[in-house]
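Let's take a friendly walk through this structure together.

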Amino acid sequence: MMLRNLVVAMLFVTVIAPILLYTDRFATFKASSSRTQFLEDFASFTQTLPGDPTHHLHVLPQESSTLLKEPIGIVYTDNSTNSPAEPFSRIPITDSSAQEKREHKSARVLSATSEGLQSQNNSTIRQVIDTSNQKESRTDAEVAKEEDRKERASNGVSDTAAQNALEQQSAITSEKVNEKEPPKSKTDKQTKQTPMPDARVRQLRDQLIRARVYLSLPIIKNNPHLTRELRLRIKEVQRVVGDATKDSDLPKNVYEKLKAMDQSLAKGKQMQDDCATAVKKLRAMLHSTEEQLRVHKKQTMFLTQLTAKTLPKGLHCLPLRLTTEYYSLHSSEQQFPNQEKLEDPRLYHYALFSDNVLAAAVVVNSTVTHAKDPSKHVFHIVTDRLNYAAMRMWFLVHWPGKATVQVQNIEEFTWLNSSYSPVLKQLGSPSMIDYYFRTHRGNSDNNLKYRNPKYLSILNHLRFYLPEVFPKLNKVLFLDDDIVVQKDLTGLWSLDLKGNVNGAVETCGESFHRFDRYLNFSHSLISKTFDPHACGWAYGMNIFDLQEWKRQNLTELYHRWQKLNHDRLLWKLGTLPPGLITFWKRTYSLDRSWHVLGLGYNPSVNQREIERAAVIHYNGNLKPWLEIGIPKYRNYWVKYVDYDHKYLRECNINP
C-alpha cells in the first residue's frame with residue numbers, strides 16, 4: 001500500500017504538476033495575446049529539447065538578425081525599467097551554475113515571459129519568425145560556412161585569417177571546377193529554371209497513352225476491377241485535358257485527376273511485368289498513329305485544294321449584284337473616262353487578267369494609293385464573259401481617282417483561237433478533259449494541285465500574248481490579282497533590262513524553286529537544253545519589254561514548246577514551266593525588295609521583308625479573301641477593301 005502511494009505521488013510530481021503549471025501559464029498568456037500567436041510561440045518552444053545543441057529557442061530575441069544562436073550561459077529576467085527596444089536585461093551565468101541552468105531551462109523560459117514581454121509580444125514573435133525564415137532559406141553552403149566559423153572561433157582562430165584562408169580555398173576550388181566543366185551561360189540556367197508552359201498537359205497525355213496500353217494487355221483485361229478503374233480515369237483525364245495546349249488552360253482540379261491516374265497506373269504496373277508485350281503494343285500504336293496522320297494530311301490537302309478552287313458565297317453574290325446594276329444603266333453611263341490614254345506609251349501601263357472582282361479592286365486601289373502621280377497610271381483589266389459586266393460596274397462606282405481603267409472581255413480577242421494558240425487547242429482536247437476530270441483514272445494525275453480550274457482558263461495563259469493584246473505599248477507591268485502594292489512602282493519602267501525581255505525577282509533561296517522542280521529533266525529534250533539547278537523566277541509582278549519581245553519573236557517560241565508538250569511529258573499544267581522555258585536566258589533579276597512571295601502558303605515569311613516590299617504576293621492556296629487565309633497576313637489586303645459599301649454589305653462580305 002505504501003508502494004502504491006509512493007508511485008501515485010511520484011506520478012503527481014512528474015506528470016500532473018507540470019500540466020497544471022503549463023495550464024496556468026497558458027491562461028495567463030491567453031489573456032494578453034491571441035490564440036494564434038501563442039500557438040506559434042509554443043510550437044517553436046516545443047521543438048527545442050533540453051541538452052540538444054542543434055536546436056534554438058525561437059521564442060527569444062536574437063543577438064543577430066542573420067544568425068540564430070543558442071542562449072547558453074544567459075538568463076533573461078524581467079526588468080520594467082528597460083526600454084521597449086530592449087525588454088530584457090542580460091546576466092551572464094558562471095560555469096558552476098551551467099548544469100543547474102540546463103536542468104531548469106523550461107522554467108527559466110516560462111519565468112522570462114513577463115508582463116513586459118506580453119506588451120511587446122507581437123513585435124518580438126514577428127522578429128523571431130523572420131529571423132528563423134532567413135536561416136531556413138540559407139543554402140547548405142552558408143550553414144556549413146557559419147558552423148566552420150564557430151568552430152574556428154572556439155579554437156581561437158581569428159575571423160580575418162579564417163576569411164582569407166576561405167577565399168583562397170574557394171578560388172582554388174573554383175579554378176578546378178572551371179577546368180573540369182565548361183561554364184554554363186545565363187541563358188542555359190534560365191532555360192533549366194523556367195518550366196515548360198505545357199508540361200502538365202504533356203504529362204496528362206502521356207498518362208492517357210500508358211492507360212490505353214495497359215487496357216490492351218491480356219493480364220489487365222482479366223482484371224475487371226482494374227479495367228473499369230482505368231477506363232474511368234481515362235474519361236476523367238480526357239474531360240480535364242480537352243483541347244488544352246498549355247497548363248493555364250487546365251481546370252483547377254487537374255492535380256487531383258493526375259494523382260488519381262498515377263495511382264491507377266501504379267496498380268497496372270505492378271500487375272504487368274512483361275516489358276516486351278508493352279513495347280510491342282506501343283509500336284503497334286505508333287504505326288497506327290502514323291497511318292492516321294497520313295490519312296488526315298491527305299484529307300487536309302484535298303479540302304484545302306477544294307476550298308481554294310471554290311468561290312465563297314459572298315464573292316459569288318457580288319458579281320451577280322453588280323451585273324444586275326450594270327445592265328440597268330443607260331449605255332452612256334457605261335462608258336469610262338480618259339480612254340485617250342489607253343495607248344499612250346509615255347504612261348505607266350499595267351496588265352491585270354482576272355475573274356475576281358474584289359481581288360482586282362484591291363490591286364488597283366493599292367497601286368493608286370501609293371502612286372506619286374496617279375494620273376499617269378493606266379490599268380488594263382481583262383476578264384471573262386461571265387464577270388465582264390460586274391468588273392465594269394465595280395470600277396464605274398469605284399473610279400480610282402485620276403488613274404485610268406480599261407476593262408476588256410477576252411471573248412473580244414477574235415485572234416485568240418485554237419488555230420492560232422496551241423494551248424487553247426489543248427485545253428479543249430479529249431485527253432485534257434480526261435486528265436482533268438479523271439474520266440479514266442489511269443490517265444489522270446493524282447496530284448490535286450494540277451486539277452485546279454485556273455489551269456484550264458485561257459486568262460491564265462493570256463500573259464504569253466502581251467504584244468498582241470497591247471500592240472502600241474513599249475513596256476507593260478504584269479500583275480497577278482493576288483498581290484498588294486505597298487510602294488510606288490514607277491521606277492520599274494525606267495529600269496535598264498540590258499536586252500532582256502522579262503524583269504522578275506528570282507526565287508533561288510530554296511531548292512524547290514529551281515528548274516528541276518518544274519521541268520522533267522528525265523526527258524532528253526529538257527536535259528540537253530536547260531540547267532536543272534538554274535534559278536527560277538516568280539510571276540506576279542513582271543516588267544516586260546514588248547519591243548524586245550516582238551524582236552525576238554518569243555510568242556512563236558512559246559507556241560513551239562507548247563506543241564512539243566502535247567502529251568504533258570515535258571511539264572505538267574501551269575504557266576510557270578512554259579514561262580521558264582520561253583524566257584530562258586532572257587530574264588533580268590530584280591532586287592528582292594520589289595516582290596516578296598509566300599503569303600499564301602508560308603506562315604513564316606520575314607516580317608521585315610514584308611514591310612519593306614514594294615509588292616507582296618499571296619501565291620498559294622491560302623488567299624486573303626478565303627477563310628483559310630493566313631490570319632496575320634490578311635490585314636495587308638483587307639485595308640484596301642471598303643467593307644461599308646452597300647454591295648459588300650448586301651452580299652455579307654466582312655473582314
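The second largest pocket is lined by 20 residues, and P312, W625, L626, E627 and N654 lie nearest its centre. A pocket here is an open set of points on a 1 Å grid over the protein atoms alone, where a 1.4 Å probe fits and protein lies on both sides within 12 Å along at least five of seven lines; lining residues have an atom within 4 Å of a point. This is a predicted model, in which local features need pLDDT of at least 70 and side-chain atom pairs count only at pLDDT 80 or more, while totals for chains, interfaces and linings use all residues. Residues are numbered from 1 along each chain as its sequence is written, and side-chain values use heavy atoms, with hydrogens and water left out.

Which helix gives the largest share of the lining of this second largest pocket? That is α15, with three residues. Both α15 (313-327) and α28 (631-638) supply at least two residues of the lining. Helices are DSSP runs (H or I, at least four residues), numbered from the N terminus. By class, the lining has twelve nonpolar, five polar and three charged residues; Ala, Val, Leu, Ile, Met, Phe, Trp, Tyr, Cys and Pro count as nonpolar, Asp, Glu, Lys and Arg as charged, and the others, Gly among them, as polar.

Now for the packing of helices. Two packed helices are described by the angle between their axes and the distance between the axes. Helix α12 (residues 224-241) packs against helix α13 (residues 254-271) at an angle of about 150°, with their axes 10 Å apart. Axes are lines fitted to C-alpha atoms, for helices over the stretch in contact, and angles run from 0 to 180 degrees between N-to-C directions. The two helices α12 and α13 are therefore roughly antiparallel, a word used for angles over 145 degrees. Their contact (heavy atoms within 4.5 Å) includes L226 and V240 of α12 and V254 and M271 of α13. By class, this contact of α12 with α13 has ten nonpolar, two polar and five charged residues.

Helix α10 (residues 199-216) also packs with α13, at an angle of about 30° and with axes 10 Å apart. Among the residues making this contact are L204 and Y214 of α10 and Y255 and L258 of α13.

Finally, where do α16 and α17 meet? V357, L358, A360, A361 and V364 in α16 meet A390, M391, W394 and F395 in α17. The residues of this contact divide into nine nonpolar, no polar and no charged.

Conventions:
Parallel < 35°, antiparallel > 145°, perpendicular 65-115°, else oblique.
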